[in-house]
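Work through the exercises below with the model open. Each one has a task and a stepwise solution.

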Amino acid sequence: MEFGLTPEQEALRKEFDDFFKEEMKKAPAGWTGGLEDLFSLDEGWNFHRHMAKRLGEKGWLSFAWPKQYGGQESSIIEQMILSEVMGYYGAPGIDIFGLGMLAPTLLAAGNEDQKLEHLPPIAKGELMWCQGWSEPNAGSDLAGVTTRAIKEGEEYVINGQKIWTSGAHRADWCFAVVRTDPEQSRSKGLSFILINMKSPGITVNPLRDMANNHMFNEVFFDNVRVPVKNRVGEENQGWAVTRMMMNFERSNVGAFSRTRRAASHLAEFCRETLRDGKPISEDPLTRHRVAQMAIEAEVGIAMSHKVAWLQHKMNIGQGRIDELITAASAVKVWGSEFEQRFAYTECQVAGLFGPVKRDSKWAPLLGTPENSYQTCLGANIAAGSSEIQRNLIATQGLGLPRTW
């Protein structure tokens, strides 16, 4: 498999590269490019908002969109190239929820008013979103959500709780799956609703992870009123919109590109660090471990390129949704479990200094081994567990029968 770029796309990649090489000189001290820097630290969030507006001014957030919504009607491949370069530099500015998930969903399933209201601000990098899906008793089993939305005239009144909501304390808006008909079983009574996070009745409480990062939150809805016009799709048909969105969440090329650079930093650390008077890069086992991580990063990038190509084929009416779902699920499994393998390898290679926290002068590699080791545990759960992804590969890709 070989994905070549046209001369125009190569020139665009160079333009991206030159831009981020300069812009990332303005990053806050100690910036690593992780979500913990973005959501936990005020200076990180401010830098993210600055970069989002810079990208919006250049029209780089919406290459493949129609022009009436702020796009350039270009190819999704250009968007993939941008994500890959941004990932390499650890650059913020991409709203993974609003731009990466909601925007393509609105383009496919939203009405004209919703597109005109929400897409231009996303294209300009002006508004940020969060994802109101998981609940205390409904995570991977998303169809089990119980947050209620009762229709009163031209409004829904929402009561309930969401949990593990990444960036809810920073977000301007939230897209949520809520239950609008409790009489219908599971996915048949759900609706997909857009909620302004400044609405009265919303309470956001922090959920800090093992490394004391503030990325996650629990969100409480107490008689929150939302206009009916904010419902995407038909009432009680939100599961179809939700499943559509899941296929926009998992190409993940930026994360693999970021790890590609992290692997090069790890190799440099091995060349510069002495153990028993010799660089640890001369140890065959260490060389093998680092090389294996570099290889797996390249595998992930190739898989992500395939997903982008399949999305492009879908956009021009030549693709198959089952093929796209299978490839996207495969990338999710590989990426989640690779993230964990890389974190463990970093700690092993760093040795006794690996667990040292990032605020210490003794912390190697800006403290990423310690932070990654603690935060990677949830990688194969967040955004759909590896078990669910393997079920999708089996049923959608291989045509195997369901056993449940």
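**Exercise 1: a serine and its surroundings**

S257 counts as buried, at 1% relative accessibility (buried means under 20% relative accessible area, exposed over 50%, partly exposed in between; 1.4 Å probe, protein chains only). The model is predicted: local features need pLDDT of at least 70, side-chain atom pairs count only at pLDDT 80 or more, and totals for chains, interfaces and linings use all residues. Residues are numbered from 1 along each chain as its sequence is written, and side-chain values use heavy atoms, with hydrogens and water left out.

Task: find the helix that holds S257, then list what S257 touches.

Solution. 
- Step 1. S257 sits in helix α8, residues 253-272 (helices are DSSP runs of H or I, at least four residues, and strands are runs of E, at least two, numbered from the N terminus).
- Step 2. Leaving out residues up to four places away in sequence, S257 touches E84, G87, Y88 and I301 (contact: heavy atoms within 4.5 Å).

**Exercise 2: packing of α10 and α12**

Task: determine how α10 and α12 are oriented, and which class counts describe their contact.

Solution. 
- Step 1. Helix α10 (residues 321-350) packs on helix α12 (residues 386-397) at about 150°, with axes 9 Å apart. Axes are lines fitted to C-alpha atoms, for helices over the stretch in contact, and angles run from 0 to 180 degrees between N-to-C directions.
- Step 2. Therefore α10 is roughly antiparallel to α12 (angles under 35 degrees count as roughly parallel, over 145 as roughly antiparallel, 65 to 115 as roughly perpendicular, the rest as oblique).
- Step 3. By class, the contact of α10 with α12 has five nonpolar, six polar and four charged residues. Ala, Val, Leu, Ile, Met, Phe, Trp, Tyr, Cys and Pro count as nonpolar; Asp, Glu, Lys and Arg as charged; the others, Gly among them, as polar.
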